[in-house]
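Please take a moment to look over the sequence and the structure shown below, and keep both in view as the paragraphs lead you from one place to the next.

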Amino acid sequence: MEFVALGKTNCMVSRPSFWVKDLQNETDMDNAIALLRNAYERGINFFLSSPAYGLCEKQLGYAFYGMRRDVFIASVSFAKTSAELHLQLAESLDNLQGDYVDLYFVSVPDFVPGPGSKDGMYDALRSAKADGVIHSIGFFAQSAETALEAYNSHLYDVVACPFNALSDEGPEGDVSFVAYDITAGGTVESLPLAYGFVNSRENAVPVWNVKNREDLDKLLYFESHPPVIDESFRDEVLSLRQKQSESESE
């Protein structure tokens, strides 16, 4: 299992990592806990969730109760004000059965919160970090534009953004970023292509949707048998982009 430094957190996380939002469809808590623990036992230590994803954070809380310091858990807030952010952070702490979150993302569609902004969210994040409730703060971008703005602002410890073989617009540089939407909503159907492309960027830390043991097995298979990035692979990426461009122009 490869481990990389995540953003400016000074923490080493697994590459690949586990985005738990698809577990909201798993109603059997024991099954969810077993899957999360299996992922950890096989090397994954970074888990991404949100109180917006149904039972997912509660599943994480039960799965890693008593071993919280062995895993790195990030949560995403979709709050629009500092008051909403405080409420969602409190909910996450309750769900995770702890007194801190390793990394707390704020996700806003069209702007990047900063110091002194009227929404108050960045100042709320900084305050929570100073109190030790949040160890690191992040911006969960919904577009390449806001991702680059947040990345270049140097205000956030970690930036997350959509990144896949069709977008190829993740931030460049030495500081790593979290890559999500790796299959472009299912448009990139080839898992070897999706995996190989995102892992070819050394500063990308991919978080994968995993909903069952089969998904986990496939993901970890490519971790130990990475696709070869050669001319044939690059031609496949170009062909996929061309098809997508033709489809969008119709």
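Aspartate 102 is buried, because its relative accessible area is 8%, and buried here means under 20% relative accessible area, while exposed means over 50% and partly exposed lies in between, using a 1.4 Å probe and protein chains only. This aspartate sits in strand S6, residues 101-106, where strands (E, at least two residues) and helices (H or I, at least four residues) are DSSP runs numbered from the N terminus. Not counting residues up to four places away in sequence, aspartate 102 touches Arg68, Val71, Phe72, Ile73, His135 and Ser136, a contact being heavy atoms within 4.5 Å.

The model is a predicted one, in which local features need pLDDT of at least 70 and side-chain atom pairs count only at pLDDT 80 or more, although totals for chains, interfaces and linings use all residues. Residues are numbered from 1 along each chain as its sequence is written, and side-chain values use heavy atoms, with hydrogens and water left out.

Strand S4, residues 46-49, runs parallel to S5 and is joined to it by four bridges, where two strands pair if DSSP finds at least two bridges between them; serine 49, for instance, has serine 75 as its bridge partner in S5.

Phenylalanine 47 has contacts that include Phe72, Ile73 and Ala74, as well as Phe18 and Leu36. Phe47, Phe18 and Leu36 are also among the residues with the most contacts inside the largest nonpolar core, which has 81 residues; such a core is a set of buried Ala, Val, Leu, Ile, Met, Phe, Trp, Tyr and Cys residues joined through side-chain atoms within 4.5 Å.

Leaving aside neighbours within four places in sequence, glutamine 244 is in contact with Leu166 and Thr187. Leucine 166 lies 78 residues away from glutamine 244 along the chain, yet their C-alpha atoms are separated by 7.9 Å.
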